[in-house]
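Please look through the structure below before reading on.

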Amino acid sequence: MLQLMKYEFRKQMFSKIIILAILGLMEVVFLGAVLLKKEEVMAISVLGLYVLACMAAFYVSIEAIITFSNDLKTKQSYMLFLTPKSAYQIMGAKVLGAIIQVFLTAALFLALGFADVFFLAARYSKVSEIIDAAKEILSGLSGLDITLPMILMTLFLIFICWISTIIFAMLSITLSTTVLENRKSKWIISFLSFILINVVVYKTMSLVGDQVTAGFYISSLVSAGISAVFIALASIGTSWMLEKKVSL
Amino acid sequence: MLECKDATKKYMGKVAVDRMNLTVEKGRIYALLGPNGSGKTTLMKMVAGLVKPTEGVVTYNKIPIGIESKRKVAYMSTEPFYYNYMNIADVGKYYADFFEDFSTEKYAQLIERMNLRTQDKVKSLSSGMAAKLKIAATLSRKAELILLDEPLNGIDIIAREQIITTIVESANDENALVVSSHLVDELEKIIDYAVFMKEGNLVMQGDAEEMRAERGMSIVELYKRIYA
Amino acid sequence: MEFDTNVPIYFQVIQEIKKEIINGSRKLGDKLPSSRELAVLYKINPNTANRIYREMELSGLCFTKRGLGTYITEDETMLKQIRVELADKLMDDFVQGMRLLGLSREEIMKDLEKKL
């Protein structure tokens, strides 16, 4: 499976290099601006970094889905399905590959974001005052005392949700390919089944969520758990269809 | 080694391969003949494990097609299918990573003979070069069963000769080759056995030399007789 | 080499080898290529190549030295025999062709005299 994962990364490497290159460039501009105290350039580069972070997050997920689609719907599919590997291994490599890529992307941008804020705070003493003020406003609004574990838990939930979106898209694509070999309406069916799966998951979550009246951590863990179960089910279901039903 | 029993594939109610019964034994070169759309490709893909039969079974060494058979069967499709990022050297690395029977030395040899350059991008190859690359990669595997789908399609005479030579060289007593084509005359002299397909059905099969002797006509003429 | 699709391939290759023996490009006692090499050389089926050597051996045209390979016979009478056989075949084709054109025995003889 390691071999399969290696090629999952290899196939999607080019865009990652581009993102890294742009990120590096913007970071240099930002740090330079902070050092030279050029406020205007600083503002633009912060905005740029923020936009890049959003786009990268979006693109990493989209690319995982596009790659999956190409690996199923184009001649490129022979590359994977001629190898003596089971569909479970192939899907496993894809799921793990997506998780690692999303994790690394998120980790990189978060780490850089924190580092940049601290750097800024060190250079401008006013900034740290602003951060403190922001914290107070936030905890005032939510009525909660925002702590680091809480932020981490929220990030974890976003991460799980992100992964599940990718996996559900893979399931939808496989479903439409299996049910409708060679039909033109494949894309619409893919999309509709994607929506349907998400609705089902959301309904289940709110149903279970209503039963749980525990605190923030417990309910977060419960919804993360439900998502994880659905991710596992979707992965296994997709693999099963790939193994038994799909004709390339 | 290979056995198809009533192998059938339907696409949305349309029958691509209809109750195909076929046995492939080692030490032979088979021609799978028929015009476009006669089901040759679908049949080959079933053997390669890319298409699941709707009915019937396909077994390799008595085991249904799956991971085990994929280790031993090499399939070459008509269309190029390598990843866009790859150059010719990357294709070799990919095969070496996934197929134990792949020989890197043989690949290097064939690439050189076919006048290909290892640093060339797969995407930028002409159709003739792409065809030669596919043959080189597929035949660098010491596979027991080799399926070549239209290896001579859209290729100039020189490249054809190179490909035919490579195919003949790869045949031995321990393997079997199945070559599909609608250009029968190219295959006439290299095959042991001919299988004729029409609209998903097997219409005739037999030893090439025996067919020629019994009917007093070449496989090419027989082909014309069947499909005219 | 170009093949006539109406004549068995093994037969055509044997004829070709015989011609090579007569015109001297293969000598009596020479080693012949292995059947695999023969297959690649003429781009023919490897089993057909095996058959070619079997047939040639049966007719005494070649023999196998165990572990060494296949050799053309050293028997000089074979050479004459092949020549007669090939000439006979050419003559048959010639006469048949001329008859098909509707030429009489005398006309054929006259034409032949002129050519010679």
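B:Asp90 and B:Lys93 sit 3 residues apart in helix α3 (residues 88–98) of chain B, about one turn of the helix; helices here are DSSP runs of H or I of at least four residues, numbered from the N terminus. B:Asp90 and B:Lys93 form a salt bridge, with the closest N and O atoms 3.6 Å apart. A salt bridge is a side-chain nitrogen of Lys or Arg within 4 Å of a carboxyl oxygen of Asp or Glu. B:Asp90 is buried at 14% relative accessibility, where buried means under 20% relative accessible area, exposed over 50% and partly exposed in between (1.4 Å probe, protein chains only).

This is a predicted model, in which local features need pLDDT of at least 70 and side-chain atom pairs count only at pLDDT 80 or more, while totals for chains, interfaces and linings use all residues. Residues are numbered from 1 along each chain as its sequence is written, chains are lettered from A and ligands numbered from 1 in the order in which they are written, and side-chain values use heavy atoms, without hydrogens and water.

In chain A, A:Glu8 and A:Lys11 form a salt bridge of 3.2 Å, N to O. They are 3 residues apart in helix α1 (residues 2–11), about one helical turn. A:Glu8 is buried, at 4%, and A:Lys11 is buried too, at 15%.

Chain C has domain 1 (1–74) and domain 2 (76–116), with bounds from an automatic or database domain assignment. Between these domains there is 1 salt bridge. C:Glu85 and C:Lys18 form a salt bridge, with the closest N and O atoms 2.7 Å apart.

Terms used. Helices (H or I, at least four residues) and strands (E, at least two) are DSSP runs, numbered from the N terminus.
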